[in-house]
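Hi everyone, thanks for coming. Please take a moment with the sequence and the structure on the screen, and then we'll walk through a few spots together.

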Amino acid sequence: MKISTKGRYGLTIMIELAKNYGEGPTSLKAIAQANDLSEHYLEQLISPLRNAGLVKSIRGAYGGYILSNDPSKITAGDVIRVLEGPITPVEGIEDEEPAKRELWIRIRDAIKDVLDNTTLEDLASHSEDTKPEGYMFYI
């Protein structure tokens, strides 16, 4: 399964909104500038996210977008499914021989598990400082 720029940039929008959750609306222009992305492209991505009920638009001079729910309640899987469609590593899985079908199902389930157990709150609170600890070697 390959996530396109649609899914990647859509997740960027949602992470930025999660970082600003509770502080009022965020404009797509601000998100585009902060992440060096095309504002026009982000405008195309926000529509399906709004239609799916993941974001709300706020009109006015200080308008923009806000998450429709707490960042801890929206998963990466929610966003990816809206923008990319169903999570399937291969097409025609039912036509495969049993051993390969089982492999594709296990891969699909592992991907779903990661996406559905990673919230926007997790992604928004992640920083460069939270690297996994390396091995300590003593001589």
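Let's begin with a question: is Ala124 buried or exposed? Ala124 is buried, because its relative accessible area is 18%, and buried here means under 20% relative accessible area, exposed over 50%, and partly exposed in between, with a 1.4 Å probe and protein chains only.

Before going on, a word on the source: this is a predicted model, where local features need pLDDT of at least 70 and side-chain atom pairs count only at pLDDT 80 or more, while totals for chains, interfaces and linings use all residues. Residues are numbered from 1 along each chain as its sequence is written, and side-chain values use heavy atoms, with hydrogens and water left out.

Back to Ala124, which sits in helix H6, residues 120-125. Helices (H or I, at least four residues) and strands (E, at least two) are DSSP runs, numbered from the N terminus. Leaving aside neighbours within four places in sequence, Ala124 contacts Ile15, Ala18 and Lys19; contact means heavy atoms within 4.5 Å.

Next, Thr119, in the loop between helix H5 (98-116) and H6. Thr119 counts as buried, because its relative accessibility is 13%. Not counting residues up to four places away in sequence, Thr119 touches Pro71, Ser72, Ile74 and Thr75.

Now for the rings. The structure holds one aromatic pair. Tyr9 and Tyr41 form that pair, edge-to-face, at 5.6 Å centre to centre and 75° between the planes. Tyr9 is in helix H1 (residues 5-19) and Tyr41 in helix H3 (residues 39-51), so the pair ties together parts 32 residues apart in sequence. For the cut-offs, rings of Phe, Tyr and Trp (its six-membered ring) pair if their centres lie within 6.5 Å; planes under 30 degrees apart count as stacked, over 60 as edge-to-face, and the rest as tilted.

Staying with H3, its buried residues are Leu42, Leu45, Ile46 and Leu49. They pack against H1, H2, strand S1 (55-58), strand S2 (64-67) and helix H4 (76-84).

Last stop: Asp36, in the loop between helix H2 (28-35) and H3. Asp36 is exposed, with a relative accessible area of 71%. What is the phi of Asp36? The value is near 55°, positive in a residue other than glycine. Most residues other than glycine have a negative phi.
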